[in-house]
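Please have the sequence and the model open while reading.

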Amino acid sequence: MKKLDELKSFLEELKQDKATIFIFEKVSNFERELFISLRNILNEKYEYELMGLTGNHLVDFKESVRGKNVYIDEDIYTLITGGFNLFAMLTKRNISLGYGESESTSTTVIENKNLISFIETLEEYIKIYEKSLKNTKHI
C-alpha cells in the first residue's frame, strides 16, 4: 500500500535525522497519511467514517462502536490507540520531543525518551497495519 510506504519512509528518515520531527511539510504529510491509514481501517472494519485524530474523535469512535455492540480485535485496538497516540505526540512535539541529533550537528545529544517512544509506537503501528492488510482484502 502506497500510504504505508510513506509512513515507513517518514520513520526511516526520522531515525536518520531526529530534526525531521520539526520539518513542517514532512510532518504534515505524515499526519495526513496517518489519518488516511487509520480512516481506511475503521471504515473497512467498522463502517465508521473518521473525522479527525483528536481525543474527541477517539471518544466518538468508541461510542459509535459501543452502540453497535461490536467486538474490536486486540491488534486493531492497538492500531487505533497507536494512531491516536502518534497524533497526540506530534501535537506536543515542541515541548516533549526535543530536537535530538541532526546530520548538520556533530554535538553529542541526550536521547529524548519521548522521541524514542514516538519511533517505537510508529514501528508498532506499521507492523500491526501490515498484519491487518494480510487479513483484509481492500484496505
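The structure is a predicted model. The protein chain has a mean pLDDT of 84, and 82% of its residues reach 70 or more. Residues 106–110 have pLDDT below 50; apart from near neighbours in sequence, this stretch makes 2 contacts in the model.

Helix 2 spans residues 24–46 and helix 6 spans residues 113–135. The two pack at an angle of about 35°, and their axes lie 12 Å apart. Helix 2 passes helix 6 in a left-handed crossing. The residues that meet are listed by helix below.

| Helix | Range | Residues in the contact |
|---|---|---|
| Helix 2 | residues 24–46 | Phe-30, Leu-34, Ser-37, Leu-38, Asn-40, Ile-41 |
| Helix 6 | residues 113–135 | Phe-118, Leu-122, Tyr-125, Tyr-129, Ser-132 |

By class, the residues of the contact of helix 2 with helix 6 are 8 nonpolar, 3 polar and no charged.

One of the residues that helix 6 brings to this contact is Ser-132. Is Ser-132 buried or exposed? Ser-132 has a relative accessible area of 5%, and the cut-off for buried is under 20%, so Ser-132 is buried. The side chain of Ser-132 reaches the backbone oxygen of Tyr-129 at 2.8 Å. With neighbours within four places in sequence left aside, Ser-132 is in contact with Ile-41, Ile-76 and Leu-79.

Technical notes. Residues numbered from 1 in each chain as written. Predicted model: local features only at pLDDT ≥ 70, side-chain atom pairs only at ≥ 80, totals over all residues. Heavy atoms only, no water. Axes fitted to C-alpha atoms, helices over the stretch in contact; angles between N-to-C directions. Helix = DSSP H or I, 4+ residues; strand = E, 2+ residues; numbered from the N terminus. Left-handed = near helix turned anticlockwise from the far one by under 90°. Contact = heavy atoms within 4.5 Å. Nonpolar A, V, L, I, M, F, W, Y, C, P; charged D, E, K, R; others polar. pLDDT = per-residue confidence, 0-100. Buried < 20%, exposed > 50% of the residue type's maximum accessible area, 1.4 Å probe, protein only. Polar contact = N/O pair within 3.5 Å; in protein donor to acceptor, adjacent residues only side chain to side chain.
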